[in-house]
Amino acid sequence: MSKPEIRVSLARIFRVFAVIGVTSFGGGIVAYLRRALVEEEKWLDEDGFMAALEISQTLPGLNATNMSVIVGRKLRGPWGAVVATLGMILPGALIVTALGFAYAALQHNPKVASVLAGVAAAAVGLLVQVTIKIGWRHLLRPKDLAFVVAVFVLVGILHVSLLVTLLTLAPIAVWLNRPGEPKESA
Amino acid sequence: MSKIISLINNFAMLSLLAVGGGTAVLPEMKHDVVDQHRWLTDTQFAEIYSLGQLAPGPNMTCVALIGYEVSGVAGLVAVLAAFFFPACLLCYFASQMWDAAEGSPWRAAVQRGMAPVVVGLMLAGCYALGKTASYNPSRDWEFNLLTLGIGVVVAGVLGLTRINPALVILAGGLAGYCLLG
């Protein structure tokens, strides 16, 4: 990732990320990030963006906040990371809080309960679609499918703790894909 | 106060375990919040998650509402901080190391190996939410048929078109208002 030639102000970093945080309805924040960071601000080139995204997806934490930390750090070090992350989280957190106050006041109203039941049913549809979109390639490969099923059963059905599951399966999964092995899951 | 500490412990742990995004910790979060601590009911959890889909920004900011339901404003602030800060801190330092490992074949091995694990976690998240929101044994079969139908239609529409998901979620709410009353 190339360093920007001009020093970007912290206020500008905050503003750019807050605009993403407040306009990115419906998930899919990656598309909003790409437009703002690569096309509009030109803080990253296409390769730099993909590299940052790769790290974000591999490390724990949300993609959106990890991207904020990484890009903020590249631009202005620790303070850049702090303001970018706050810009990303705060607008959505405030809006969801306002929704939550309305929810707390209205949750026993039967009409509101029907609306929320519809929203929740739709949210499951969204989650399933995103999972299929990301995961279908892995469902077709026996070695990957074994891990998908093992994780699903351990965490989803048996409620084995996520920490234990990850500490057990992640090293095996990485080892089976270790460098030099035939890259059938590449 | 002990509730706040308990919230912080839970959500800080979830923060560090959220490989592949917030959805991956959904089943574990639901298990902690609903089954173990009994802070929320199944339905409240599904509804709070749904509210997160209606707000802009990262979906998982809805964890703020779990904190609010459990311990008011202090709980809200505690959960937000606990859920976002540890992972961000880890990301800050790990991304420096990751940059240093540029070109290492192990980087690709980590990515290839973890991808199916993340998919398994996402599936578990679908199942954890779906058990309440799509097929709920405490409701009658007509209600369940409608909620399952809404989910199938939403997944189909999103798979076939490029419509903004927030609009489809709102349409789900409208369908709920008209059909599930």
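Q: What makes the 115 residues of the largest nonpolar core a core?
A: A nonpolar core is a set of buried Ala, Val, Leu, Ile, Met, Phe, Trp, Tyr and Cys residues joined through C-beta atoms within 7 Å. Buried means 20 or more other C-beta atoms within 10 Å of a residue's own (exposed: 12 or fewer; partly exposed: in between; C-beta atoms placed from the backbone). The largest such set in this predicted model has 115 residues. A:Ala123, A:Val151, B:Ala64, B:Val79 and B:Leu129 have the most contacts inside it. The model's local features need pLDDT of at least 70, side-chain atom pairs count only at pLDDT 80 or more, and totals for chains, interfaces and linings use all residues. Residues are numbered from 1 along each chain as its sequence is written, while chains are lettered from A and ligands numbered from 1 in the order in which they are written.

Q: Which element gives the largest share of this core?
A: H4(B), with 18 residues. Helices are DSSP runs of H or I, at least four residues, and strands are runs of E, at least two, numbered from the N terminus.

Q: Which residues does A:Val151 touch?
A: In chain A, A:Thr165 and A:Leu169. In chain B, B:Val117, B:Gly120, B:Leu121 and B:Ala124. Residues up to four places away in sequence are not counted. Contact means C-beta atoms, placed from the backbone, within 7 Å.

Q: How many residues of chain A are in contact with chain B?
A: 81, in contact with 90 of chain B. H5(A) gives the most to the side of chain A that touches chain B, 21 residues. By class, that side has 49 nonpolar, 27 polar and five charged residues.

Q: How many helices and strands does chain B have?
A: Seven helices and zero strands. Of its 181 residues, 55% are buried.

Conventions: Two residues are in contact if their C-beta atoms, placed from the backbone, lie within 7 Å. Ala, Val, Leu, Ile, Met, Phe, Trp, Tyr, Cys and Pro count as nonpolar, Asp, Glu, Lys and Arg as charged, and the others, Gly among them, as polar.
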